[in-house]
Amino acid sequence: MPDVRTAAGAVRGRWESDVAVFRGIPYATLAGPFEAPQPAPPWDGVRLAASFGPDVPQPDGSTGRPGEWLTVNVWSPDPGPAAKLAVMVWIHGGGYTFGSSSRPEFDGGRLARDGEVVVVTLNYRVGAEGFGHVPGAPHNRGLLDQVAALRWVHDNIPAFGGDPGRVAVFGESAGGGSVAALLAMPRAAGLFRAAIAQSVPGTFFTPELAASGGGPAAYPSIQFAPVVDGDVLPCTPWQALTAGAARDIPLLTGHTRDEHRLFTVLNGGLPTTDLDLLAPGGVQRYRDAFPQASDDELTELIHSDWLFRMPSVHLADAQITGGGRAHLYELTWEGVLGACHGLDVPLVFGNLSGNEPAQLIGDKSDEAAELSARMIRAWTGFAVRGDPGWPPYTADKQLTQVFDVPGGVVPYPEQASHRIWRRTAEPGPGS
């Protein structure tokens with residue numbers, strides 16, 4: 001059994017397929033559900049780190065007390081201060097409303113074993129506890145939890161074989177939005193050296209919108225999002241990056257081609273939103289740019305662009321405008337629901353069976369394994385060397401890695417949508 005000493009006390013993990021795994025380590029504690037995180041209290045003896053900590057509150061209930069919610073999990077192929085491996089810290093998605101690091105799709109064993117990195121996953125507050133407006137409580141409590149986890153990594157990861165000077169933070173959907181927010185947050189400065197933002201959502205609330213219960217007029221089902229409060233989050237990520245806030249942090253960002261397809265299926269059909277509220281300048285611009293598209297195809301396309309595709313590419317635009325380096329990708333490989341939202345998660349972690357997102361792959365197991373290996377090399381290569389394996393994104397060439405079989409590097413494929421959205425004043429379609 002591997003033993004490691006953290007600042008708060010010793011922990012004992014276990015070996016799983018040549019990887020040392022530690023689960024449920026407290027990284028912070030809470031005096032109450034809406035308080036700012038505080039350092040975890042110390043303990044005596046050796047704490048068994050064999051099980052995940054309790055989930056934070058979810059829409060269908062929660063377990064444990066607030067003081068037990070904030071935990072991290074660590075996968076290391078070589079625990080001990082001599083290893084000095086790059087570190088990948090995962091922030092899960094879930095619409096800022098649900099999610100847990102205990103989900104099997106986020107098991108870091110494959111990444112740690114194949115990529116020679118230390119992988120860390122974490123629980124952070126979501127929903128009302130993490131992002132709801134509570135008078136007298138700080139905004140963005142979920143983001144404050146993430147900063148506390150990154151601070152724990154900085155202080156403790158050498159004992160697990162990691163290098164605190166080579167930390168890459170990565171996340172998808174709300175996790176990708178969190179990564180984007182962290183790039184703009186002074187409290188997170190110096191806690192990571194590279195960022196990977198997958199399928200970044202464009203929704204960032206004003207304090208007034210958060211106080212009203214959330215939900216921009218065009219998409220009232222969105223209840224929670226980071227709040228641009230001028231303190232924890234001074235401005236939107238697109239504004240911050242344009243101003244150069246992350247010029248020293250290389251960025252890998254991108255999206256899937258058919259982002260909204262998953263929600264079309266889960267919701268039993270396409271939304272009935274007034275598309276003129278979503279499309280810059282009105283839906284007619286889309287009709288002119290995509291004359292062969294049916295009404296249903298346009299509806300899905302506009303929602304994909306508004307929710308994830310254009311916020312992601314605009315993050316790359318903002319990064320290079322601010323003098324930083326960005327690498328862009330698009331996943332076009334088709335599973336059961338095409339190249340839908342969330343398909344990248346099992347591919348990036350290499351967990352191609354035994355979890356719900358893996359069901360999106362379908363019966364293309366050989367192709368999925370080949371594509372997954374390529375994406376793992378890209379993600380870990382970016383964490384280890386700052387290079388995912390294709391040239392940086394630039395304003396003139398806009399080179400983009402298309403993940404498909406065979407795939408390749410081409411100018412950004414969604415040029416028509418990009419042109420429509422670049423006419424807007426805001427670099428990202430935040431609300």
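This report describes selected strands, helices, ring interactions and individual residues of a predicted model.

## Basis of the description

Because the model is predicted, local features are considered only at pLDDT of at least 70 and side-chain atom pairs only at pLDDT 80 or more, whereas totals for chains, interfaces and linings use all residues. Residues are numbered from 1 along each chain as its sequence is written, and side-chain values rest on heavy atoms, with hydrogens and water left out.

Helices (H or I, at least four residues) and strands (E, at least two) are DSSP runs, numbered from the N terminus. Strand 9, residues 85-91, has seven of its seven residues buried, so it is largely enclosed by the rest of the structure; here buried means under 20% relative accessible area, exposed means over 50% and partly exposed lies in between, with a 1.4 Å probe and protein chains only. Two strands are taken to pair if DSSP finds at least two bridges between them. Strand 9 pairs in the parallel sense with strand 11 (residues 162-172) over six bridges, and in this pairing V89 stands opposite V169 of strand 11. Strand 9 is also joined to strand 10 (residues 118-122) by four bridges, again running parallel, with V87 opposite V118 in strand 10.

Strand 10 is mostly covered, five of its five residues being buried. In a regular strand the side chains alternate between the two faces of the sheet. In strand 10, V118, V120 and L122 point one way while V119 and T121 point the other way, and all are buried. Strand 8 (residues 71-76) is joined to strand 10 by four bridges in an antiparallel arrangement, where N73 stands opposite T121 of strand 10.

Three strands form an open sheet in the order 1-2-7, with mixed pairing. Its edge strands, each pairing on one side only, are strand 1 (3-5) and strand 7 (46-48). Direction ignored, neighbouring strands of this sheet are turned by 30° against each other on average; the axes behind this angle are lines fitted to C-alpha atoms, for helices over the stretch in contact, and angles in general run from 0 to 180 degrees between N-to-C directions. Strand 2 (residues 10-12) and strand 7 run parallel and are joined by three bridges, and the bridge partner of A10 in strand 7 is V46.

Helix 4 (residues 174-184) is largely enclosed by the rest of the structure, because eleven of its eleven residues are buried. N156 lies in helix 3, residues 141-156, and counts as buried because its relative accessibility is 5%. Leaving aside neighbours within four places in sequence, N156 is in contact with T6 and A7, contact being defined as heavy atoms within 4.5 Å.

Helix 11 (residues 365-385) has 21 residues and reaches 29 Å from its first C-alpha to its last, close to the 30 Å expected at 1.5 Å a residue; the expected span is 1.5 Å times one less than the number of residues. Its buried residues include A368, L371, S372, I376 and W379. Helix 11 is followed by G386, whose phi is positive, near 75°. In the loop between helix 10 (344-349) and helix 11 lies G350, which counts as buried because its relative accessibility is 14%. Not counting residues up to four places away in sequence, G350 touches R110, S372 and I376. G350 and A373 are 23 residues apart in sequence and 7.3 Å apart in space, C-alpha to C-alpha.

## Aromatic rings and charges

Rings of Phe, Tyr and Trp (its six-membered ring) pair if their centres lie within 6.5 Å; planes under 30 degrees apart count as stacked, over 60 as edge-to-face and the rest as tilted. By this rule the count comes to 15 aromatic pairs. One of them is formed by F204 and W238, edge-to-face at 5.5 Å centre to centre with 85° between the planes. This pair links distant parts of the chain, 34 residues apart, with F204 in the loop between strand 12 (194-198) and helix 5 (207-211) and W238 in helix 6 (residues 237-242). Both F204 and W238 are buried. W90, F106, F170 and F349 form one aromatic cluster.

A charge sits over a ring if NZ of Lys or CZ of Arg is within 6 Å of the ring centre and within 35 degrees of the ring normal. The charged end of R47 sits over the ring of W43 at 5.1 Å from its centre, and that of K364 over the ring of W333 at 5.6 Å from its centre.
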